[in-house]
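I opened the notebook to record what I looked up in this entry. The notes follow the order in which I worked.

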Amino acid sequence: MKDIDTAKLGPLTLTAFGSGAGMPGLPGDFTPPSRFVRAAIYSQSAATNATAEDAVFSAFHILNQFDIPKGSVQNSAIGGTVDEITEWTSVADLKNLRWYFRTFTDQSIHMVDLKEAVEAAKGEVRILKMEGTTQPIIDASTNFVAGK
């Protein structure tokens, strides 16, 4: 969405105080209707991607807007209070038949080439373990590059 530089409110002229002012009033809560409205807006305003890999990264960036951080939504409909989370997020590349996912504990993007997976399964039902890995935290404290 294009940023809004100024807006008139009666006799007042309001000036934007930062980038990203092009979506005022967009619902921001975690309810499904609000998330679907945001998904429609973000997907329609996304830049065109040159490659399938760029499109996958773009899709994950859009989907970042819908992650439910632990503790931000508490469900008490089941008797006790449970912190809801986004357990996993996935993106499908229908042209190249690839499926990408990441989980709550591992934000690294994992890819399944569906042609390879079907071949490797040899006609049997197979289960892909999505959870159980934890994304490492990489210490970049001394990974300096030459500067000017």
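I noted the ground rules next. This is a predicted model, in which local features need pLDDT of at least 70 and side-chain atom pairs count only at pLDDT 80 or more, while totals for chains, interfaces and linings use all residues. Residues are numbered from 1 along each chain as its sequence is written, and side-chain values use heavy atoms, with hydrogens and water left out.

**Entry 1: salt bridges**

I took a salt bridge as a side-chain nitrogen of Lys or Arg within 4 Å of a carboxyl oxygen of Asp or Glu. How many did I get by this rule? The count is two salt bridges.

One is R126 with E124, at 3.7 Å from N to O.

Is D113 buried or exposed? D113 is buried because its relative accessible area is 14%. R98 has 31% and is therefore partly exposed.

**Entry 2: start and end of α3**

I stayed with D113 and checked its other contact. I counted a polar contact as a pair of N or O atoms within 3.5 Å; within protein, one must be able to donate a hydrogen and the other to accept it, and residues adjacent in sequence count only if both atoms are side-chain atoms. Which backbone nitrogen does the side chain of D113 reach? The side chain of D113 reaches the backbone nitrogen of K115 at 3.0 Å. I placed this contact at the start of helix α3 (residues 114-121). After α3 comes K122, with a positive phi near 50°.

I treated two strands as paired if DSSP finds at least two bridges between them. β5 and β6 run antiparallel and are joined by six bridges. In β6, I found Y100 as the bridge partner of V91. The two strands form a hairpin with four residues between them, and L97 in the turn has a positive phi of about 50°. N96 also lies in the loop between β5 and β6; N96 counts as partly exposed because its relative accessibility is 31%. From N96 to L114 I read 8.7 Å, C-alpha to C-alpha, across 18 residues of sequence.

β6 pairs with β7 in the antiparallel sense over four bridges. W99 has V112 as its bridge partner in β7. The hairpin that joins β6 to β7 runs through six residues.

I then looked at T103, which lies in strand β6. T103 has a relative accessible area of 2% and is therefore buried. T103 and E87 are 16 residues apart in sequence and 5.7 Å apart in space, C-alpha to C-alpha.

**Entry 3: aromatic pairs**

I paired rings of Phe, Tyr and Trp (its six-membered ring) if their centres lie within 6.5 Å; planes under 30 degrees apart count as stacked, over 60 as edge-to-face and the rest as tilted. This rule gives two aromatic pairs. One of them is Y42 with F66, which is tilted, at 6.3 Å centre to centre and 55° between the planes. Y42 is in helix α1 (residues 32-45) and F66 is in the loop between α2 (52-63) and β3 (74-75), 24 residues apart. F66 is buried, at 11% relative accessible area.

Terms used: Buried < 20%, exposed > 50% of the residue type's maximum accessible area, 1.4 Å probe, protein only.
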